[in-house]
2 protein chains.
Amino acid sequence: VTATFDDEIREQPAVLSRLLAEGRARVDEAAGHIRTRAPAFVVLAARGSSDNAARYAQYLFGVRNGLMVALAAPSIVTRYGATPRLGAALVIGISQSGQSPDVVAVLEEARRQGASTLALTNDDASPLAQAAEFTLPLLAGQEHAVAATKTYSAQLMALAMLSAALDGSPAAWEELQATPGQVAAAISLNEAVSPAVRFWRAEQMVVLGRGYNLSTAFEIALKLKETCGLLAEPYSSADFLHGPVALLDQDLPVMVIAPSTASFEDLEAVIERARKQGAPLLAVSDAAALLAGAETPLRLPPGVPEWLSPIVAVVPGQVFAGALAAARGMSPDAPPGLTKVTRTR
Amino acid sequence: VTATFDDEIREQPAVLSRLLAEGRARVDEAAGHIRTRAPAFVVLAARGSSDNAARYAQYLFGVRNGLMVALAAPSIVTRYGATPRLGAALVIGISQSGQSPDVVAVLEEARRQGASTLALTNDDASPLAQAAEFTLPLLAGQEHAVAATKTYSAQLMALAMLSAALDGSPAAWEELQATPGQVAAAISLNEAVSPAVRFWRAEQMVVLGRGYNLSTAFEIALKLKETCGLLAEPYSSADFLHGPVALLDQDLPVMVIAPSTASFEDLEAVIERARKQGAPLLAVSDAAALLAGAETPLRLPPGVPEWLSPIVAVVPGQVFAGALAAARGMSPDAPPGLTKVTRTR
């Protein structure tokens, strides 16, 4: 029996193609309004997987659109009753269900202050969609597994489409069109992935990324936590190198998110240290040499532009999480202690 | 022989008193200029312990000064060569040594764009101090231990002084005056702390906080990593409750940062779950009932206002990290694989 989690991973190419085809008009409309208002900065309100999409947006809007991104701490509004000045900002709420009351509260306050407000949600009729001036529906179909996959990649895609629409570059849209096919390739390249025996009983893992793919490290670590009960911890390779790298040993496997378009000295330095200290290496990459030296190679198709690579690079991590959950005798669809909609205030 | 790490913990009341007395004129001068320019938002550039000070600032400026705070990803400037628009911002660089090239690069770019720029550093002649228009020297004296203590609390204090100067509230300055004494109390209340035997060989721990004290959870987890080689991971209690809480068991101790002024339902819910699942509880608190139920009580003095509580609440964590390092036969002054100044680009 295939788990729903696995099915939803495989739906991603179709979901992303649909979003590109059917979502563009609303993205262009929102981008037109946003450009007119020329926001001074961007604020993102999100939780869980959506918070990892927000991490992606930090690099996306910073590098491609020259916009600083603040990740809102929703409790500033909901717990402390404060009203930070948001009028000069573009405020984006990201929530699969659109139900998260604290994310909704940030959007309501932002709209009251006259900010541009935008909802990214899979439910066009949700409270979040109603709170925002503009909504980009993810069009991902209902997501049944507790651990998000297709709604996460759709969130990244919607953010990338918004970035392309804001900078008006035709080349960016051409690159976007290739993404669903690259996601399909990432799925088929990893069909045969099988977790090494030593991971079946692993208790912890570190997952390292940098730049655009820091988001990928956070999201894969979250999937491993959610579906396998693994204490998987994400780090920037820079922070890891200047600290916990000393903890690496044969009992602490390390996964690196290392597409060849995104080379970072400190990522390479960590890989070197992992080898020296005998830590098992899992590599998400399209670089043959790195994959050959990894205990578990997780393959990416070549030629994905760095700004879109998080949409593709998360996929082998999702596939691996599903395979590892199965090897550990766990159901990735209904992990203990998790619910689909969180209502944190 | 007392470790330098322990000595520097004990220097904190004197360091904070000196900063309050000798640093105020420069804080007032900077705040006067900043108010004139009315920044639309705040950008913080920092790494390591300083990044945890930035987390504190996110709540501090958000709640007390109505300013949204973006934590800069320095690699957007240094690795991707992008120039996000910073002209409308107050840009604060935080670095003990003032040497971090990527933090310096963000400040240089911000100043070029006409932003208000401010350096928080322990070295008034450092590249960071030279890059910024205003500098708040921490006046903490040289810090010898690799794991920062007195420069961290001095960074928090300097940020709190800036927040008070920006809002011009005399009551805030009165509350600040009480802080060095409360830090002294937090040291003496925990003189006798002795890590339970089960922690001597612990491999991991989770450290939970919320709101203002999310920064404290991150900083104590970092101290435990740096000085004890423990895989200590910080979480927002909200995020932890809606996910990894299922991992808690007798082999995964949990430390909660829970001053009684900062009650959060999800923090209480996690404590309840920890008890049910048999996870050893370490509590940093002034609440007698919580301390009585904790396997390791880490005591705080009562009556610390929530906005200043991170300056005091980090102290029992520092003391515990030193005691645990000693119990594990490690030197907190020279942890393996760490250097005092990081030069990440």
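Buried area is the accessible area, taken with a 1.4 Å probe, that two parts lose on being put together, summed over both. In this predicted model, local features need pLDDT of at least 70 and side-chain atom pairs count only at pLDDT 80 or more, while totals for chains, interfaces and linings use all residues. Residues are numbered from 1 along each chain as its sequence is written, chains are lettered from A and ligands numbered from 1 in the order in which they are written, and side-chain values use heavy atoms, with hydrogens and water left out.

Between chain B and chain A the buried area is about 4700 Å², and carbon and sulfur atoms give 58% of that area. B:Met68, B:Tyr80 and B:Leu231 supply 14% of the area that chain B buries against chain A, more than any other three residues. In terms of contact (heavy atoms within 4.5 Å), chain B contributes 60 residues and chain A contributes 60 residues.

The arrangement of the chains comes next. Chain B is superposed on chain A by a rotation of 180° with 0.0 Å of shift along its axis, at an RMSD of 0.0 Å; this is the relation of a two-fold axis. The same surface serves both copies, since 100% of the contact residues of chain B recur in chain A. The superposition is by least squares on the C-alpha atoms of residues with pLDDT of at least 70 in both copies. Among the residues of chain B, B:Ala70 comes closest to the rotation axis, its C-alpha lying at 2.0 Å.

Two salt bridges are found across the interface of chain B and chain A, a salt bridge being a side-chain nitrogen of Lys or Arg within 4 Å of a carboxyl oxygen of Asp or Glu. A:Glu306 forms a salt bridge with B:Arg79, with the closest N and O atoms 3.5 Å apart.

The structure also holds five cavities of 30 Å³ or more. A cavity is a set of points, on a 1 Å grid over the protein atoms alone, where a 1.4 Å probe fits but cannot get out, and lining residues have an atom within 4 Å of a point. The second largest cavity contains about 100 Å³ of space, a volume being the space filled by probe spheres set on grid points joined across faces, edges and corners. Its lining has 15 residues, and A:Ala72, A:Ala73, A:Ile76, A:Pro84 and B:Met68 lie nearest the centre.

Conventions:
On a 1 Å grid over the protein atoms alone, a cavity is a set of points where a 1.4 Å probe fits but cannot get out, and a pocket is an open set with protein on both sides within 12 Å along at least five of seven lines; lining residues have an atom within 4 Å of a point.
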